[in-house]
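Here are my notes on the model you sent over. Have the structure open while you read, and go point by point.

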Amino acid sequence: MSDPYPSSQGGAAVASPPAASTGDYYLPVGLPQPAPYPEGLAKEYWEATRRHELVVQRCDKCNVFQWGPEFLCYACHSWDLSYVQVSGRARIFSWERPWYPVHPALKEKLPYIVVLVELPDAGNVRMVGNLLGDPLQEVVIGAEVEAVFEDHNDVKTPFTLVQWRVV
Ligand SMILES: [Zn+2]
C-alpha cells in the first residue's frame with residue numbers, strides 16, 4: 001500500500017474521511033483509520049480490541065510471543081500461530097512528544113505523547129500507542145501503564161484503539 005501514514009498498531013491503514021465526531025478521542029478525527037490487512041492478518045487483534053481485550057500473537061510450537069502480527073514465527077519458522085489474551089499491563093520503554101503536525105488533522109492537537117511500551121506477560125513485545133492525560137506530563141521510562149480501549153463508533157467501520165495510561 002502507498003498510504004503515507006501507516007498504522008502503528010499492526011494493521012494496514014486505510015484513509016478515513018473526516019467525520020463529525022461524538023467521541024472523546026486522544027487524537028482528532030481525520031487520521032487514517034486502522035484496519036486488518038486485506039489478507040486478514042491482525043483481524044483477530046482488531047476484533048479483540050472491540051471486546052476490550054488485548055491479544056498478542058504466540059507461536060504454538062515454541063511459545064514465543066511476537067508483535068506485530070506475522071504469518072510465520074520468526075523464532076522457529078512455524079506457521080502455527082495463535083492469539084492469546086494478555087493482561088494489558090505494560091511499562092514505558094520509550095516515548096516522544098511531537099510538536100510538529102505530521103498529518104493535517106494534528107494541527108489542533110499539539111503536542112501529544114507517543115509511547116512505546118513493553119508487555120512483561122507477553123515476552124516483552126513492544127507496542128506503540130498514545131499516553132493519555134496531560135500532553136505536557138513528565139514521562140518516566142519504566143513507568144507502569146495499562147491499556148485503555150478507545151472506541152470509535154461514529155465511523156462506517158467502527159474500530160477500537162489501544163491507548164495507555166499510567167497506573
Ligand atoms: Zn515458533
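**Notes on the fold**

1. Helices here are DSSP runs of H or I with at least four residues, strands are runs of E with at least two, and both are numbered from the N terminus.

2. A word on the ground rules. This is a predicted model, so local features need pLDDT of at least 70 and side-chain atom pairs count only at pLDDT 80 or more, while totals for chains, interfaces and linings use all residues. Residues are numbered from 1 along each chain as its sequence is written.

3. Back to α1, residues 43-50. Its buried residues are Tyr45, Trp46 and Thr49; buried means 20 or more other C-beta atoms within 10 Å of the residue's own, exposed means 12 or fewer, partly exposed is in between, and C-beta atoms are placed from the backbone. Seen down the helix axis, the buried residues of α1 fall within an arc of 95 degrees, so they line one face of the helix. (The arc is that of the directions from the helix axis to the C-beta atoms.) They pack against β3, β5 (81-86), β9 and β10.

4. Now the largest nonpolar core, which has 18 residues. Such a core is a set of buried Ala, Val, Leu, Ile, Met, Phe, Trp, Tyr and Cys residues joined through C-beta atoms within 7 Å. Val115, Val117, Leu119 and Trp164 have the most contacts inside it. Among the elements giving two or more residues to this core are β6 (89-96), β7 (114-119) and β8 (125-130).

5. Look at β7 from both sides. Val115, Val117 and Leu119 make up its covered face, and Val114, Leu116 and Glu118 the uncovered one. In a regular strand the side chains alternate between the two faces of the sheet. Beyond four places in sequence, valine 117 is in contact (C-beta atoms, placed from the backbone, within 7 Å) with residues including Ile92, Phe93, Met127 and Trp164.

6. What about the neighbours of β7? β6 pairs with β7 in the antiparallel sense over 5 bridges, pairing being at least two DSSP bridges between strands. On the other pairing, 6 bridges join β7 to β8, also antiparallel. Leucine 116 has valine 128 in β8 as its bridge partner. The β7-β8 hairpin has 5 residues between the strands, and glycine 123 takes a positive phi near 65 degrees there.

Terms used: Contact = placed C-beta atoms within 7 Å.
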